[in-house]
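User: I'm new to this one and would like a quick tour. Can you show it to me first?

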Amino acid sequence: MAQDLGGLRRSAAEVRAEERGTRHSGAQPQSDPEILGLKGNHQADGPTDPVVVRDLVRAYGDAPVLDHLDLRIAPGEFVAILGRSGSGKSTLLRALAGLDRDVPGTGEITVPRSVSVVFQDSRLLPWARVLDNVVLGLEASTGLSRAEARRAGAAALAEVGLAGRERAWPGELSGGEQQRVSLARSLVRSPELLLADEPFGALDALTRTRMHGLLRDLLARHRPAVLMVTHDVDEAIVLADRVVVLDVGRIAAERSPADHPDPRALRAELLAALGVENATPDPHARQEIPA
Ligand SMILES: Nc1ncnc2c1ncn2[C@@H]1O[C@H](COP(=O)(O)OP(=O)(O)OP(=O)(O)O)[C@@H](O)[C@H]1O
């Protein structure tokens with residue numbers, strides 16, 4: 001048995017573990033029978049439980065990529081993760097998704113029962129029509145009938161502005177439309193936690209801005225907690241309740257845009273935490289983090 005998780009095939013062990021509960025405890029030793037993540041100390045958390053990362057360590061070789069990291073995400077909270085290339089952003093996201101079984105480490109992660117992942121590339125199956133991509137695995141994971149799953153999938157496509165495109169092939173859609181399908185595929189599963197790894201990183205500026213508006217609307221309706229990795233400081237400020245800067249696997253700065261008195265100063269503070277010295281002076285110009 002396998003289940004689709006935002007485009008990822010998940011093993012039976014992962015699915016069983018997820019059904020049992022929501023708590024997993026760091027990377028597993030290679031010989032562990034439940035090596036595939038979401039294992040150990042499981043508890044049936046309710047829909048209002050936060051995401052908790054405690055003392056998380058991940059390392060490739062000697063150098064820690066995540067260095068005793070603590071992070072908490074409240075239900076419905078949107079946390080954006082910024083950091084230079086190699087600072088551990090994707091490693092953190094993969095740990096929360098339970099996709100880092102091959103990475104040595106320690107620590108504890110508690111996530112809600114229902115987690116969806118969106119990546120920079122939409123990861124749609126090219127040989128399946130749009131609606132089939134959205135509902136793939138949905139019956140098995142939710143207990144919906146085929147007709148109910150397809151109705152829910154069509155409604156999700158309508159929510160992302162793609163009503164009428166159910167029978168299109170992914171290759172017939174633009175990059176932005178493909179990301180909309182990817183969002184629909186995630187949201188139709190009513191996730192309590194949405195993990196997004198540079199979801200708009202491959203889109204042009206105008207499409208990206210439109211996607212920001214769409215995402216905000218969707219989140220206002222669905223209210224999952226969100227952890228989004230991005231290279232775009234302004235995207236983080238615009239979308240997130242809290243912006244966290246990672247530096248070599250540690251939190252170097254945290255800011256809540258809504259509480260910050262001055263957006264320009266906030267931007268400058270975040271860029272300074274990222275080690276960007278000559279920031280673009282115009283706050284409306286996008287500021288990407290150099291590698
Ligand atoms: N499978 C792997 N094997 C060895 N090292 C790895 C592996 N995956 C990641 N790393 C290393 O871990 C560090 C953190 O990687 P990670 O992908 O989490 O960084 P990131 O902050 O997401 O970077 P980017 O912004 O470039 O995507 C990097 O130094 C990277 O080279």
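User: How far apart are the end C-alpha atoms of residues 51-273?

Analyst: This is a predicted model, where local features need pLDDT of at least 70, side-chain atom pairs count only at pLDDT 80 or more, and totals for chains, interfaces and linings use all residues. Residues are numbered from 1 along each chain as its sequence is written. UniProt, in an unreviewed entry, lists residues 51-273 as "domain: ABC transporter"; such annotations may be inferred rather than shown by experiment. The span is 37% helix and 26% strand, and its end C-alpha atoms lie apart by 24 Å.

User: How many helices and strands are there in the chain?

Analyst: Both are DSSP runs numbered from the N terminus: helices are H or I with at least four residues, strands are E with at least two. Counted that way, the chain has nine helices and twelve strands.

User: Which helix gives the largest share of the side of domain 1 that touches domain 2?

Analyst: The domain assignment, which is automatic or from a database, gives domain 1 (48-114 + 193-276) and domain 2 (125-190). Their contact (C-beta atoms, placed from the backbone, within 7 Å) takes eleven residues from domain 1 and eleven residues from domain 2. On the domain 1 side, five residues, the largest share, come from helix 7 (residues 205-222).

User: Which residues have the most contacts inside the largest nonpolar core?

Analyst: A nonpolar core is a set of buried Ala, Val, Leu, Ile, Met, Phe, Trp, Tyr and Cys residues joined through C-beta atoms within 7 Å, and buried means 20 or more other C-beta atoms within 10 Å of a residue's own, with C-beta atoms placed from the backbone. The largest such core has 69 residues, with at least three drawn from each of domain 1 and domain 2. Inside it, those with the most contacts are Ala80, Ile81, Leu96, Ala184 and Leu195.

User: What does Ala80 touch?

Analyst: Leave out residues up to four places away in sequence. Ala80 then touches Met228, Thr230, Ala236, Leu239, Ala240 and Val243.

Key:
Two residues are in contact if their C-beta atoms, placed from the backbone, lie within 7 Å. A residue is buried if 20 or more other C-beta atoms lie within 10 Å of its own, exposed if 12 or fewer, and partly exposed in between; C-beta atoms are placed from the backbone.
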